[in-house]
Amino acid sequence: MTRIFSGIKPTGHLTLGNHLGAVRQWVDVDQHKSDAVFCVVDLHALTVEHDPARVRRLSRQAATLLLAAGLDPALCTLFVQSHVDEHTRLSYLLECTASDGEMRRMIQYKEKSARERATGGSVRLSLLTYPVLMAADILAYSADEVPVGDDQAQHVELTRDLAVRFNQRYGHTFTVPKAVLPSVAARVMDLQDPTSKMGKSHAETGGIVYLLDEPDVVRRKIMRAVTDSGSEVVYDRETRPGVTNLLEILAACVGGAPAELAEGYSSYGALKRDTADAVLELLRPVRERHTELCADPGYVDAVLRAGAERARALARPTVDAAYAAIGLMPPA
Ligand code: AQP
């Protein structure tokens, strides 16, 4: 059976981008057809300025939201990254496999380090090395496929490179995984700046739909989405990024091809109204289930405990094999 691994990092409240680009695929497809392993990658949240209590709170919220969105612990494994030591154990070996040049080429590193520097902050070394930890997350589970949004595709490419290099140098140890991108909404853009990705940690929140936003807030954000000059509803990411983003969101919610949906609209207003309705309909059951789960924290804890136990059992043999292959003496 195909093994799938994917994760989400608790750097902010989960967004519509996370949901359409990743989580929905995990819920609707991946957990049914594969041995699926999903992780709240809390160590990745420490790569930028963070508030410890907030990371703890957001980790729990992310796990609760993933269950609310429909991950079923009877079908998949869900756990928190820092509960399974194998990730950091393996990460160091992969740091000894990667080069600093390839880390500096990562687009997320370039963008996020520039943002940190622009606000006078210092750039944590872990921001540079975090794609290696992500590679460890994936390789420890011998994942065949990694369902991700478009923004993470480069990190999965790096993971492939590291797996191949390690296998060539030290003997076959890792499965070489491939990224699987959704057919629509692989990159949901910020509603106020449709040339940049909707990201959960961005400071400007007016263009970001959070899964737990109140319905009237969701509607307002979509109705105020920046559209393009001209009034025709045309699907073209280059010349009409705002309208194209709305069409992709609508298509991801109701099905169909964004370019074909465009033909049914003669005004931006109608497109925004229908997009808002479709998003609200998509998020309603997630919000309702989230409220129920918040009333039962013991259930979420039990799921995460069992998930970590299974994850540990899956990862340990591969990580032990990597330690042996690279030349480390086993404990007596
Ligand atoms: N805007 C997006 N459109 C489509 N997919 C997206 N994903 C994230 N944003 C979009 C996908 O969601 C999954 C989990 O992402 P992550 O939490 O691991 O990190 P990220 O990609 O860095 O997400 P954010 O929301 O942008 O976080 P910050 O602001 O902290 O960097 C991934 O599969 C991702 O592709």
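The legends below describe close-up views of a predicted model. Residues are numbered from 1 along each chain as its sequence is written, and side-chain values use heavy atoms, with hydrogens and water left out. Local features need pLDDT of at least 70 and side-chain atom pairs count only at pLDDT 80 or more, while totals for chains, interfaces and linings use all residues.

View 1. Strand β1 (residues 3–8) and strand β2 (residues 35–40) pair in the parallel sense over six bridges (pairing requires at least two DSSP bridges). S6 stands opposite F38 in β2. Together with helix α1 (residues 16–33), the two strands make a right-handed β-α-β unit; right-handed means that, with the strands pointing away from the viewer, the path from the first strand over the helix to the second runs clockwise. Helices (H or I, at least four residues) and strands (E, at least two) are DSSP runs, numbered from the N terminus.

**View 2. Residue G7 in strand β1.** Five of the six residues of β1 are buried, so the strand is largely enclosed by the rest of the structure. G7 is partly exposed, with a relative accessible area of 31% (buried is under 20%, exposed over 50%, partly exposed in between; 1.4 Å probe, protein chains only).

View 3. Polar side-chain atoms lie 2.6 Å from a ligand oxygen atom in T11 and 3.4 Å from a ligand oxygen atom in Q108. A polar backbone atom of G149 is 2.7 Å from an oxygen atom of the ligand.

Notes. A polar contact is a pair of N or O atoms within 3.5 Å; within protein, one must be able to donate a hydrogen and the other to accept it, and residues adjacent in sequence count only if both atoms are side-chain atoms.
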